[in-house]
2 protein chains.
Amino acid sequence: MNETGLSEEEIRNILNDSKGQDLKYERVLSSMCTYPHKIAVQAHMQFIESNMGDFGLFRGTYNLEKEILSLIGDLLHKADAVGYMTTGGTESNIQAIRSMRNLFLQSSEYQNSANSSKNSDNKCARPNLVVPDSAHFSFDKVSDILDVELRKASLDDELKVSVESVRSLIDENTIGLVAIAGSTEFGQVDPIKELSDIALEKNIFLHVDAAFGGFVLPFMKKSYEFDFKLPGVTSIAIDPHKMGLSTIPSGVLLFRDFHQLESLKADTPYLTVSTQYTLTGTRSGAAVAATYAVMNFLGKEGYRKTVSRCMELTHYLLEKLKDMDVYPLIEPVMNVVALEVPKCDLVRSRLAKEFNWQVSITQNPHGLRLVIMPHVSFEMIDSFVADLKKILDSLE
Amino acid sequence: MNETGLSEEEIRNILNDSKGQDLKYERVLSSMCTYPHKIAVQAHMQFIESNMGDFGLFRGTYNLEKEILSLIGDLLHKADAVGYMTTGGTESNIQAIRSMRNLFLQSSEYQNSANSSKNSDNKCARPNLVVPDSAHFSFDKVSDILDVELRKASLDDELKVSVESVRSLIDENTIGLVAIAGSTEFGQVDPIKELSDIALEKNIFLHVDAAFGGFVLPFMKKSYEFDFKLPGVTSIAIDPHKMGLSTIPSGVLLFRDFHQLESLKADTPYLTVSTQYTLTGTRSGAAVAATYAVMNFLGKEGYRKTVSRCMELTHYLLEKLKDMDVYPLIEPVMNVVALEVPKCDLVRSRLAKEFNWQVSITQNPHGLRLVIMPHVSFEMIDSFVADLKKILDSLE
């Protein structure tokens, strides 16, 4: 660090320079994030010093958080669901599985079986979690952090998790299942009703990762069963900082029952409140205010318009691609498109280097992936398709 | 959620109302956080959509993060220390201990001993971590999340961790030690040089929680050995969103060596970069820009002035309290004061209810705790002391 600081002007120049090196979202078709709504940004600024880690000092912001949880709970068919605003989907997933694991390990069934048996290779039986093969990489972090074995269920032809595969992976050490409402790579929705039935039958938890889809599915014309309406669903992750148009870091984790949240408890002796259920300590109140502002400004109607526009753009894109004989790997459910494109890694690279477009790649099946976020326009799609055509023509 | 959204004006009114219910820091003497610096707030806004979870899109912001790590590394006597900007001290502590645990479990010594023995009550040997009894509650979260046994070493008369107690708690399953540079309750600094020597002798990790003290100690007149200059120190947590005057969420975690960071690796197939070491996925770039701006604006000189003013106010407070026969439990090392006050729980409660002052309580020993942050003024102290006197007089 310098002895003396730089001037405001010098700092402004460096920041402007750095900002210039950041891509604008208008070139980005690879991300599930977008520009936050202006009203979210204004609220974020107004509440910039607010700290939810010490919410006895910030009762006003804390009440906004309670309102948000109630609004989102209601959207997901359980207005009294309990939880809190997280830093995003990864924290939500970690905490949901941590709660499952802790309750499983404390259960009398587990205690009895652990005391009476040991397996043959002299290791302790590890709790396991059954997840779709399409699960977000955050579940790899979850597995490592919490020491929970990840069992990956295979996908069917539509890239939904296979219910038979899930069932075949469950054993007496399975703490729960994960279902995805809007998979990261394909935007697909798992057969959550069937998984809910299995979870009830086996008396295990079911966590729904709706980090992306939670702010899309409730606002689509077609109705999807994915939330607390299904009795087997015990927790849901949903991210306002994706299609919710809020600022980073805005995630939400909701549990069906309080005892699930309680399993995450830490005593906090020198703060204004004596108990904390969150992963982090100090926690952004600005993101709470931002999320409150945008959710109340848009209302269901506003989110319906946002989703509708994204779907319209998605279908417009698909029509134009059809004219070029380029087809999606599956019929898109949401504003996520995975395209069957020859040499897609090379195409992706050339799109970035020659035309300054950011797209991504799906692993299996291998394809070119685009997310049609609210910052996308018809002109962007026209321009992108024209550039894609140039590359594909050059490959022939 | 409402069908139709509210108007901008309605939202503004609700937010203003909520802000009014949040306390202003001018009434707060209990918190290690404060108003972020104006230049940090401006930078935060400018970079509000920047997402470090996908930093291939935000190369400008990413370079600012690298700069920050280099500046802080240099401040802590290892300019090439590796790490990243976290959501705060809790994430930093979780990730530091997770790295220790993973490397310990992967080590050949552990593998050999685990294969050859099992203990008598049929449970697997659990890794343990030796921490001072004064450790922040985030270590309780660490213990639960990572399944690491917390062994709490006792404190000496000055509320520093006892080196003998630490030594007595180390065994073959000890993955490392934690030392605190600026304990949350008392602002005390542990004998980190001695702990560094033990860590080297036992070949175990030593993590320094300098979440608060990291932005105080380097800027004090007296010099403290607490950082990478001590060869046994293997990781450090330091929070720009405390005395660094940056916005929430701004934490930093630094490791001595890259293999420590590498033990936290997750593959990230559909982002712009293929590997991630962070706890969260989506991650605030705004906090990166904010931290860069304030650190470069203040420079060492600016932080020295900040710390010097806080210490001046701390001593002013102590002088006034001495006139009232009120003394600190230990001689304050930093701008954290724990006072010996009769019926301190009652006093705290009355300070809040009758006089609208927020202070906190230390557990053991039991006392009234104040943190003299940059938002404190001489007038605030005069006013607080007068109110405290009224309460203490009424108790006689």
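**Ground rules.** Residues count from 1 along each chain as its sequence is written, chains are lettered from A and ligands numbered from 1 in the order in which they are written, and side-chain values use heavy atoms, with hydrogens and water left out. Since I'm on a predicted model, local features need pLDDT of at least 70 and side-chain atom pairs count only at pLDDT 80 or more, while totals for chains, interfaces and linings use all residues.

**Symmetry.** I laid chain B on chain A and got an RMSD of 0.0 Å, with a turn of 180 degrees and a shift of 0.0 Å along the axis. The two copies are thus related as by a two-fold rotation axis. The same surface serves both copies, as 100% of the contact residues of chain B recur in chain A. For the record, the superposition is by least squares on the C-alpha atoms of residues with pLDDT of at least 70 in both copies, and contact means heavy atoms within 4.5 Å.

**S50(B).** I found S50(B) in the loop between α2 (38–46) and α3 (59–75) of chain B; helices (H or I, at least four residues) and strands (E, at least two) are DSSP runs numbered from the N terminus. S50(B) is buried at a relative accessible area of 2% (buried is under 20%, exposed over 50%, partly exposed in between; 1.4 Å probe, protein chains only). Its side chain makes a polar contact of 2.9 Å with that of T61(B). That term covers a pair of N or O atoms within 3.5 Å; within protein, one must be able to donate a hydrogen and the other to accept it, and residues adjacent in sequence count only if both atoms are side-chain atoms. Leaving out residues up to four places away in sequence, S50(B) touches residues of both chains, including D22(A), I248(A), F58(B) and R283(B).

**S360(A).** This one sits in strand β12 (residues 360–362) of chain A and is buried, at 0% relative accessible area. Beyond four places in sequence, S360(A) touches S30(A), R348(A), G367(A), L368(A), R369(A) and, from the other chain, Y270(B). I also checked S360(A) against L57(A): they are 303 residues apart along the chain, and their C-alpha atoms are separated by 43 Å.

Most residues other than glycine have a negative phi, and most peptide bonds are trans. I noted these exceptions:

- D147(A) has a positive phi of about 55 degrees; it lies in the loop between α6 (138–146) and β3 (149–153) of chain A and is partly exposed at 38%.
- D325(B) has a positive phi of about 65 degrees; its loop runs between α10 (285–323) and β10 (327–328) of chain B, and D325(B) is exposed at 58%.
- I248(B) and P249(B) are joined by a cis peptide bond, omega about 5 degrees, with P249(B) in the loop between β6 (235–238) and β7 (251–255) of chain B.
- N364(B) to P365(B) is cis too, omega near 0 degrees; P365(B) is in the loop between β12 (360–362) and β13 (367–371) of chain B.
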